[in-house]
Amino acid sequence: MTVQVPEELARLHRFVSWYEQPRWLPEAARDGNVCVWCASPADATAVEPAPSAGLPRRACMRCYAAQLAWYITWYDWHRHFSACTPCRQHQTCLVGHGRRLLHEKTMPPIDKRPVCLSCPAPLLGTELVAPVRWEGSEGFNLGYAHLRCLSRRPSVT
Ligand SMILES: [Zn+2]
Ligand SMILES: [Zn+2]
Ligand SMILES: [Zn+2]
């Protein structure tokens, strides 16, 4: 895994805070007494989701690290993919595949399911898949697409 520079971590912290917190929180979580994800009692190691001013929410280290791992490994994969000629030319690349596997390991703990952004078929381990980013109504979305589907949508990066 790549070492994250502080400003990159701050960016990922905002993504986790804005996009991954449950839309509805029980009162104890809104008051910062329990973790926003697992509802375990907040202790001294709890992390404050951004923005923290006026909102006393807390996340336990275990849940927070699990959310962050999804973002870090997605960006590691995306960074490689954008710079790698075999990956961009839709050839099998062991490094790219390794990054994908690392990223996929972060999904079950936070209940994320990989879906292709342009077709309803599941992303199989034997298929070539790309990490893709596109702009939606609530900002950037991070996701995936089959390479065969991607070639029909040249606008995503
Ligand atoms: Zn938790
Ligand atoms: Zn590659
Ligand atoms: Zn597809």
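This is a predicted model: local features need pLDDT of at least 70, side-chain atom pairs count only at pLDDT 80 or more; totals for chains, interfaces and linings use all residues.
1. In which loop is Asp111 found? Asp111 is in the loop between α5 and β1. Its phi is positive, about 60°, although Asp111 is not a glycine. Asp111 counts as exposed because 7 other C-beta atoms lie within 10 Å, and a residue with 12 or fewer is classed that way.

2. His90 sits in the loop between α4 (85-88) and α5. With 13 C-beta neighbours inside 10 Å, His90 is partly exposed.

3. Overall content. The protein has 6 helices and 2 strands, and their order along the sequence is α-α-α-α-α-β-β-α. The C-alpha trace spans about 50 × 30 × 25 Å along its principal axes. Of the 157 residues, 26% are buried. Taking contacts between residues at least 6 apart in sequence, 45% join residues at least 24 apart.

4. Helix α3. This helix has 23 residues and covers residues 61-83. From first C-alpha to last, α3 reaches 32 Å, close to the 33 Å expected at 1.5 Å a residue. The buried residues of α3 include Cys63, Tyr64, Ala66, Trp70 and Tyr75. Gln67, Leu68, Tyr71, Ile72, Thr73, Trp74 and Trp77 of α3 are likewise buried. The partners against which the buried residues of α3 pack are α1, α5 (94-105), β1 (129-136) and β2 (139-146).

5. Ala69 and Arg113 are 44 residues apart in sequence, and their C-alpha atoms are 15 Å apart in space.

6. α1 against α3. The axes of α1 (residues 6-19) and α3 come within 10 Å and cross at roughly 120°, which means that α1 is oblique to α3. The crossing is right-handed. On the α1 side the contact is made by Leu12, Phe15 and Val16; on the α3 side it is made by Gln67, Leu68, Tyr71 and Ile72. By class this contact has 6 nonpolar residues, 1 polar residue and no charged residues. The four residues that α3 supplies here, Gln67, Leu68, Tyr71 and Ile72, are on the list of buried residues of α3.

7. α3 against α5. What angle do α3 and α5 make? They pack at about 165°, with axes 8 Å apart, so α3 is roughly antiparallel to α5. α3 passes α5 in a left-handed crossing. From α3 the contact takes Thr73, Trp74, Asp76, Trp77, His80 and Phe81; from α5 it takes Val95, Gly96, Arg99, Arg100, Leu102 and His103. These residues divide into 5 nonpolar, 4 polar and 3 charged. Among the α3 residues in this contact, Thr73, Trp74 and Trp77 are buried.

Notes
Residues are numbered from 1 along each chain as its sequence is written. Chains are lettered from A and ligands numbered from 1 in the order in which they are written. Axes are lines fitted to C-alpha atoms, for helices over the stretch in contact, and angles run from 0 to 180 degrees between N-to-C directions. Angles under 35 degrees count as roughly parallel, over 145 as roughly antiparallel, 65 to 115 as roughly perpendicular and the rest as oblique. A crossing is left-handed if the near helix is turned anticlockwise from the far one by less than a right angle, and right-handed if clockwise. Two residues are in contact if their C-beta atoms, placed from the backbone, lie within 7 Å. Ala, Val, Leu, Ile, Met, Phe, Trp, Tyr, Cys and Pro count as nonpolar, Asp, Glu, Lys and Arg as charged, and the others, Gly among them, as polar. The expected span of a helix is 1.5 Å times one less than its number of residues. A residue is buried if 20 or more other C-beta atoms lie within 10 Å of its own, exposed if 12 or fewer, and partly exposed in between; C-beta atoms are placed from the backbone.
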